Amino acid sequence: MSRFLKEQYQAMEAYTPGEQPRDMQYIKLNTNESPYPPAPSVVEAMTGEQVELLRLYSDPTAKNLKEKLAGMYGVRPENVFVSNGSDEVLNFAFMAFGGQGVVFPDISYGFYEVFADLYAINAEKIPLEEDFSIDYHKYCGKNKLVVIANPNAPTGMTLPVEQIEEIVKSNPDAVVVIDEAYVDFGGETCLPLIRKYDNLLVTRTFSKSRCLAGGRLGYAFASPEIIADLEKIKYSTNPYNINRLTLLLGEKTVEAEGYYQEKCREIEETRAWTAAKLEKLGFTVLPSKANFIFVKTDKMDGGELYRTLKAKGILVRHFTNPRICQYNRVTIGTKAQMEAFVDTLKEVLL
């Protein structure tokens with residue numbers, strides 16, 4: 001690092017994204033991307049005429065996309081915020097609402113801790129229970145920003161909506177962020193609660209269930225007042241935060257909802273098949289409502305299994321946190337990809 005970097009950032013540990021090696025052809029089960037392409041109508045929208053329009057700025061209000069999202073989810077456009085990936089919503093939430101501190105699980109999405117450090121926010125990290133579940137009681141009455149991924153990552157486990165409501169209700173003077181990046185794979189959304197509580201912010205992404213990880217598009221739902229706060233920060237940092245093509249593809253994606261629901265159900269079926277196969281091989285598989293599973297085996301060290309699979313052309317995600325270092329997070333790919341994954345496990349373990 002240079003000698004010019006602010007002192008408060010010098011010791012900050014940046015978020016580490018999933019690896020994207022180019023040295024060989026891999027089956028990528030490490031970054032929770034969709035194994036399926038966008039809907040045909042989305043692909044067809046990428047015309048030469050649209051590319052030529054890149055000479056013009058995008059719509060900073062994202063009016064068309066907000067209206068389509070509002071219509072699909074039964075809210076008003078003023079309840080919708082659109083962002084450059086859901087990470088931008090989270091970034092703004094920490095910036096805007098973390099003044100009294102923040103609380104989140106000790107094992108969850110790694111960006112939460114990064115954002116807390118970035119804005120020098122006092123962070124309370126609450127350990128997951130022995131079975132990796134979240135005890136919602138521990139988040140009640142905190143009166144500080146609460147951030148919970150539901151389903152959680154990397155475990156894939158969920159909290160029931162009634163428990164989330166208790167957290168929201170018991171923190172009336174603080175914002176509660178529920179990160180629903182993976183909710184479309186069998187989870188239950190708490191979106192209807194924004195009608196009852198003005199302190200709830202629900203974040204979503206097009207990256208996972210909408211096959212647009214490379215498009216960088218996220219969105220959020222909340223009271224008009226919270227949305228206005230987020231808009232204020234957006235217009236103070238990067239008003240044209242979403243490019244023209246991504247906005248267009250987002251609109252076409254909403255219009256093709258049936259295609260994406262079908263793909264989500266396919267992933268759920270493949271997830272169940274994979275979990276059953278791994279359990280027969282002696283793996284511990286946490287109950288997941290996400291497009292990944294979190295697994296370990298007593299037959300091989302977690303890090304060694306990750307490296308062995310990588311050498312054989314299969315990427316999974318390994319974490320070095322001592323409590324979860326024996327586990328690997330495995331994205332659910334196509335049925336053929338998961339069959340190859342299981343066959344490779346049999347080869348190296350049996």
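Predicted model: local features only at pLDDT ≥ 70, side-chain atom pairs only at ≥ 80, totals over all residues.
A charge is said to sit over a ring if NZ of Lys or CZ of Arg is within 6 Å of the ring centre and within 35 degrees of the ring normal.

Figure 1. Lysine 263 places its charged end over the ring of tyrosine 36, at 4.7 Å from the ring centre. In a second case, arginine 329 lies over the face of phenylalanine 292, and the distance to the ring centre is 5.7 Å.

**Figure 2. Packing of helix H5 against helix H8.** Helix H5 spans residues 86-97 and helix H8 spans residues 224-237. Their axes are 10 Å apart and meet at an angle of about 105°; H5 and H8 are therefore roughly perpendicular to each other. From H5, the residues Val89, Phe92, Ala93, Met95, Ala96 and Phe97 take part in the contact, and they meet Ile226, Asp229, Leu230, Ile233, Lys234 and Thr237 of H8. By class, the residues of this contact comprise nine nonpolar, one polar and two charged.

Figure 3. When neighbours within four places in sequence are left aside, serine 86 is in contact with Arg204, Thr205 and Gly218.

**Figure 4. The stacked pair of tyrosine 57 and tyrosine 240.** The structure holds 18 aromatic pairs. In the pair shown here, the ring centres of tyrosine 57 and tyrosine 240 are 4.2 Å apart and the planes stand at 15°, so the rings are stacked. Tyrosine 57 belongs to the loop between helix H3 (48-52) and helix H4 (63-73), while tyrosine 240 belongs to the loop between H8 and helix H9 (244-255); the pair therefore ties together parts that are 183 residues apart in sequence. Tyrosine 57 is exposed, with a relative accessible area of 63%, whereas tyrosine 240 is partly exposed at 37%.

**Figure 5. The stacked pair of phenylalanine 294 and tyrosine 327.** These two rings lie 4.8 Å from centre to centre, with 15° between their planes. Phenylalanine 294 is located in strand E10 (residues 292-296) and tyrosine 327 in the loop between strand E12 (317-318) and strand E13 (328-331), so the pair ties together parts that are 33 residues apart in sequence. Phenylalanine 294 and tyrosine 327 are both buried.

**Figure 6. An aromatic cluster.** The view shows one cluster formed by Tyr15, Phe94, Phe104, Tyr109, Phe111, Tyr112 and Phe115.

How values were computed. Residues numbered from 1 in each chain as written. Heavy atoms only, no water. Axes fitted to C-alpha atoms, helices over the stretch in contact; angles between N-to-C directions. Helix = DSSP H or I, 4+ residues; strand = E, 2+ residues; numbered from the N terminus. Parallel < 35°, antiparallel > 145°, perpendicular 65-115°, else oblique. Contact = heavy atoms within 4.5 Å. Nonpolar A, V, L, I, M, F, W, Y, C, P; charged D, E, K, R; others polar. Phe/Tyr/Trp six-rings, centres within 6.5 Å; stacked < 30°, edge-to-face > 60°. Buried < 20%, exposed > 50% of the residue type's maximum accessible area, 1.4 Å probe, protein only.
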